[in-house]
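Visitor: I would like to know what the labels on this model rest on. Can we take the pockets, then the cores?

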Amino acid sequence: MTAVTTTEQPGSDELTSAFEATIAADQRIEPRDWMPDAYRATLIRQIAQHAHSEIIGMQPEGNWILRAPSLRRKAILLAKVQDEAGHGLYLYAAAETLGVDRAELTEKLITSRQKYSSIFNYPTLSYADIGVIGWLVDGAAICNQVPLCRCSYGPYARAMIRICKEESFHQRQGYELLMTMMSGTPAQRDMVQEATNRWWWPSLMMFGPPDADSPNTQRSMAWGIKRHTNDELRQRFVDMTVPQAAALGVTLPDPDLRWNDERQAHDFGEPDWSEFKAVLGGGGPCNAQRLARRRRAHQDGAWVREAAAAYAAKHGRTS
Ligand code: FAQ
């Protein structure tokens, strides 16, 4: 560790050089190390958005817990949704090491001042959606998040290691569910194809806007927060998913999808970026419902927070 801690108080040039040397040596910045304000703000923005996504991401799947087709499927789905709550908590804890308060982040989410992933603004219409979310949404999340295990900020990188292990289980349970449905009746196979058609393009949008329209990528890569661009990860996801679709026996709904021998990668069509912008602006099919439910849950939990604060005050604890 070469970074200078805040208690040493050297001049600002020295602090900047120590920070840059740590990044250049591909070492970790830790909470007590000095860091530029913009680096801190970028991490808070990304980690908070990530945490909010995990918490809001419980809703589309939570919709099916009471209607799971068997006890086994219900147990698997419950475990997955609980994992997502846990991921949200690790991520809020990582954000708190940067000097923000979890309550403040939640307030920003429920007043639409911070984002969460676009993907969770789409509805889950059949049980095949549970399989397709595991396969495509967790598959995309893994593609995006494995490189974050090498993020330059220590607490975020360490949280991502555990999260990625659990996401891997999530992806496999989804794929196993779809394999089961694809070996079932024609109606079950149709459900899988129909769900794939709805989730494919929103899954590609999870990686963010095209590189040319991504204001944050270059700086985040220079700081070792992001390790790949949005388009690089989207390409990796497509290349990984095409053979999985073939093994399942489903068609990905893109007439432009084909192998390009010269590039040794798949060509694929352009997602509808106007839809992406509309969803980010609050106009997706479920934005209003997701936020309303999150606000209600927050209000319903007020008595728990008050009781915890009263207990802490009585026993002289701060948390
Ligand atoms: N949705 O300049 P960039 C999961 C925003 S977790 C909404 O490219 P950046 C697990 C972006 O924030 C899924 N907003 O930004 C699970 C920025 O806005 P701002 C969440 C998006 O940060 C599975 C603006 O657009 N994963 O799925 C999206 O460099 C199943 C410009 O974009 C993470 O958060 C989007 N898709 O790159 C749970 C991973 N894309 O703040 C339940 C960590 C972009 O400037 C069930 N995050 N924006 O106003 C990242 O890797 C990055 O933040 C990106 C965006 C790649 C998402």
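**Pockets and cores**

Guide: This is a predicted model. Lining the largest pocket are 46 residues, with Q49, S117, M206, F207 and G208 nearest its centre. The space in this pocket comes to about 1,100 Å³.

Visitor: What makes a residue part of the lining?

Guide: A lining residue has an atom within 4 Å of a pocket point. By that rule α6 supplies seven residues to the largest pocket, the largest share.

Visitor: How do the lining residues of the largest pocket divide?

Guide: There are 19 nonpolar, 15 polar and 12 charged residues. Gly counts as polar.

Visitor: And the second largest pocket: which residues lie nearest its centre?

Guide: They are I55, T106, R294, A297 and H298, out of 21 lining residues. About 570 Å³ of space lies there. α12 gives the most to this lining, six residues. The lining holds six nonpolar, six polar and nine charged residues.

Visitor: Why is a set of residues called a nonpolar core?

Guide: Its members are buried residues of nonpolar types, joined through side-chain atoms within 4.5 Å. Buried means under 20% relative accessible area. The largest such core has 46 residues, and W135, W199 and F237 have the most contacts inside it. α6 gives the most to this core, with 10 residues.

Visitor: Which residues does F237 touch, beyond those up to four places away in sequence?

Guide: F237 touches L136, G139, A140, C143, W200, S203, L204 and F207. Each has heavy atoms within 4.5 Å of it, so each counts as a contact. Apart from this core lies another, of 29 residues, including I23, C151, Y156 and C164.

Note on methods: Residues numbered from 1 in each chain as written. Predicted model: local features only at pLDDT ≥ 70, side-chain atom pairs only at ≥ 80, totals over all residues. Heavy atoms only, no water. Buried < 20%, exposed > 50% of the residue type's maximum accessible area, 1.4 Å probe, protein only. Helix = DSSP H or I, 4+ residues; strand = E, 2+ residues; numbered from the N terminus. 1 Å grid on protein atoms, 1.4 Å probe; cavity = no way out; pocket = protein on both sides within 12 Å on 5 of 7 lines; lining within 4 Å. Points joined across faces, edges and corners; volume = space filled by probe spheres on them.
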